[in-house]
Amino acid sequence: MTHPFEIELATTLPATPEEVWEAIATGPGIDSWFMGRNDVEPREGGVAGMETGGHREEAVVTAYEPGRRFATRTGTADDGRFMAFEYLIEGREQGSTVLRVVHSGLLGDDWEDEYDALRRGWPFHLHTLGQYLRHFRGRTGVPVFAVAMPGDRPAEEVRAALYRALSLPASLVDGTRVHVEPAGLPPLDGEVVWADDERFEVRTGDGLYTFHHGIGGPVLMFHHLFGPNPHGAEVAWQEWLAAALA
């Protein structure tokens, strides 16, 4: 049985409507703050694709009004499930923009857990979009994805393992300055810009590094690298994550 849902949020972003449009309605823009590797066919009726860990999902562009409105809808699955996304852009004074996001559709039998995960995840993603537009505006990020299964370990133990592997303090709060030396990777000098029970994010001068340690699910990393040498980073981070949870 399917269950309808709708999540609506709004955020004020430090960018013009044109800059926000580039971030939410183009493949390189989405790559710089959201999940996976993305491509967008720039027209109503076009295809918007996202590839994460070798799995590709596609949606149809249902609205394409540059600087104003962008919307997509996935196909309907055999059980009736689908997801729709709508982004509404409204300019404000002094070069800022209000972005309204509506995520709706039909979820399946486990709809309560899935809805709860979506509800918790969106504020974080919009926060990351704000970090991108505030600190890396005009630059294109290279997405880095890694995943590992934590087995039957509780979330607290998984989080502690990641903290140890990164030489982080036992607790993190926004604004904490960190010097991270992940084995086999360049050191990260930066600041914690998000920390909760499920994820934390570190911003450096050339990247946004996100670690999702989850609640009973896989451990994920969605990094966005803006430096000059991202080649091989995804393989290196995947190896690091596997070792950290070994």
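This is a predicted model: local features need pLDDT of at least 70, side-chain atom pairs count only at pLDDT 80 or more; totals for chains, interfaces and linings use all residues.

I started with T128, which counts as buried at 1% relative accessibility (buried means under 20% relative accessible area, exposed over 50%, partly exposed in between, with a 1.4 Å probe and protein chains only). Residues are numbered from 1 along each chain as its sequence is written, and side-chain values use heavy atoms, with hydrogens and water left out.

I found T128 in helix α3, residues 111-135 (helices are DSSP runs of H or I, at least four residues, and strands are runs of E, at least two, numbered from the N terminus). Leaving out residues up to four places away in sequence, T128 touches W33, E201, L208 and H224 (contact means heavy atoms within 4.5 Å).

Next, rings. I got 18 aromatic pairs in the structure (rings of Phe, Tyr and Trp, its six-membered ring, pair if their centres lie within 6.5 Å; planes under 30 degrees apart count as stacked, over 60 as edge-to-face and the rest as tilted). F34 and W122 are stacked because their centres are 5.8 Å apart and their planes at 20°. F34 sits in the loop between α2 (27-31) and β2 (37-40) and W122 in helix α3, so this pair ties together parts 88 residues apart in sequence. F34 is buried at 11% relative accessible area, and W122 is buried at 3%.

I also looked up Y132 and F226, a stacked pair with 5.8 Å centre to centre and 10° between the planes.
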